[in-house]
Amino acid sequence: GIICQNLDMLKEFFPRWGKAKLISIGVDINEYKKQPINNKLKKNWGIPEESRIIISVSNLIPVKGIEKLIQAFELLASDFNDWILMIVGDDTTEYAIKLKKEYSQKVSLKDKLVFTGKQQNVRELLDIAEIYVQPTLDKGRKEGAPIAVQEAMANGKLILGSNIPGIRDQLREFPDYLFKSGDVMDLCKKLEGFMSNTTSKNYNIGKYFSDYVCKTYDISIEKMKLKAYYQNIL
């Protein structure tokens with residue numbers, strides 16, 4: 001048998017294989033469910049208490065397209081002074097070092113761009129954010145089923161993602177929250193709309209994502225499907 005992580009894999013690699021089946025990766029909903037905010041967290045990162053946060057959690061390699069997110073945010077930074085962009089992931093990679101060198105010292109992004117490096121408790125950082133962005137490019141290894149998107153959903157974040165395999169599966173009920181991969185202006189337009197919202201409105205939108213991940217991507221659902229699949233083979 002063959003288990004595929006997303007519909008594009010199923011259609012492109014095994015279009016007529018009866019042994020191939022789509023079983024999506026699941027997430028531990030309870031582990032990433034939003035908790036009371038750690039009030040010291042913003043202070044620890046030098047972020048003003050009143051700031052609002054966009055977050056992306058990623059293995060910092062070129063295909064993840066983080067520079068496209070930074071560029072889109074930079075276009076909006078001067079008009080949205082209360083917003084901060086937080087990038088979570090190993091910041092010692094060649095790609096991450098290049099990003100920090102190119103963008104961290106820009107006047108337009110001064111005190112607005114935070115690289116946290118690799119973090120153990122990602123949920124705490126998700127807790128203080130409003131918007132989660134997955135800007136992966138449509139080339140190279142792309143995505144299978146990015147678990148970071150599901151973790152952000154479980155935390156009740158408003159999700160924006162590039163329209164590529166894996167991500168478009170996860171956002172299939174939210175097509176308006178997809179943007180063209182690598183298109184800075186398309187992402188900028190999407191971000192501007194949600195950055196203009198009140199915090200309360202964005203949190204209410206985030207509830208739709210948390211409800212969706214509970215009924216679609218809870219790890220118990222993955223376990224159940226895997227068990228049934230193996231039993232059928234046996």
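Student: Starting with β5, how many of its residues are buried?
Tutor: β5 is mostly covered, with 5 of its 5 residues buried. Buried means under 20% relative accessible area, exposed means over 50%, and partly exposed is in between, using a 1.4 Å probe and protein chains only.

Student: What should I know about the model and the numbering?
Tutor: The model is predicted, so local features need pLDDT of at least 70 and side-chain atom pairs count only at pLDDT 80 or more, while totals for chains, interfaces and linings use all residues. Residues are numbered from 1 along each chain as its sequence is written, and side-chain values use heavy atoms, with hydrogens and water left out.

Student: Back to β5, then. Which residues sit on which face?
Tutor: L113, F115 and G117 are on one side of β5, V114 and T116 are on the other, and all of them are buried.

Student: Is β5's pairing with β4 parallel or antiparallel?
Tutor: Parallel: β4 (residues 83-88) and β5 pair in that sense over 4 bridges. Strands count as paired if DSSP finds at least two bridges between them. For one of the bridges, look at L85, whose partner in β5 is L113.

Student: And how does the chain get from β4 to β5, with what handedness?
Tutor: The chain goes from β4 through α5 to β5, a right-handed β-α-β crossover. Right-handed here means that, with the strands pointing away from the viewer, the path from the first strand over the helix to the second runs clockwise.

Student: OK, charges. How many salt bridges are there?
Tutor: The count is 6. A salt bridge here is a side-chain nitrogen of Lys or Arg within 4 Å of a carboxyl oxygen of Asp or Glu. One of them joins D8 and R168, with the closest N and O atoms 3.0 Å apart.

Student: What does R52 do with E130?
Tutor: Their side chains form a salt bridge too, at 2.7 Å from N to O. R52 lies in strand β3 (residues 52-57) and E130 in the loop between α6 (122-127) and β6 (131-134), so parts 78 residues apart in sequence are tied together. R52 is buried at 11% relative accessible area, and E130 is buried at 3%.

Student: What about E74 and K106?
Tutor: That salt bridge is 3.3 Å, N to O. E74 in helix α4 (residues 66-77) and K106 in the loop between α5 (94-103) and β5 (113-117) are 32 residues apart. K106 is partly exposed, at 31% relative accessible area.

Student: Switching to rings: how many aromatic pairs turn up?
Tutor: There are 9 in the whole structure. F174 and Y212 have ring centres 5.3 Å apart and planes at 80 degrees, so this pair is edge-to-face. F174 is in the loop between α8 and β8 (178-179) and Y212 in helix α10 (residues 199-216), 38 residues apart. Both F174 and Y212 are buried.

Student: What are the cut-offs for those rings?
Tutor: Rings of Phe, Tyr and Trp (its six-membered ring) pair if their centres lie within 6.5 Å; planes under 30 degrees apart are stacked, over 60 edge-to-face, and the rest tilted.

Student: Last one: how much of the chain is buried?
Tutor: Of its 234 residues, 51% count as buried. The chain has 11 helices and 8 strands, and its C-alpha trace spans about 60 × 35 × 30 Å along the principal axes.

Definitions and conventions:
Helix = DSSP H or I, 4+ residues; strand = E, 2+ residues; numbered from the N terminus.
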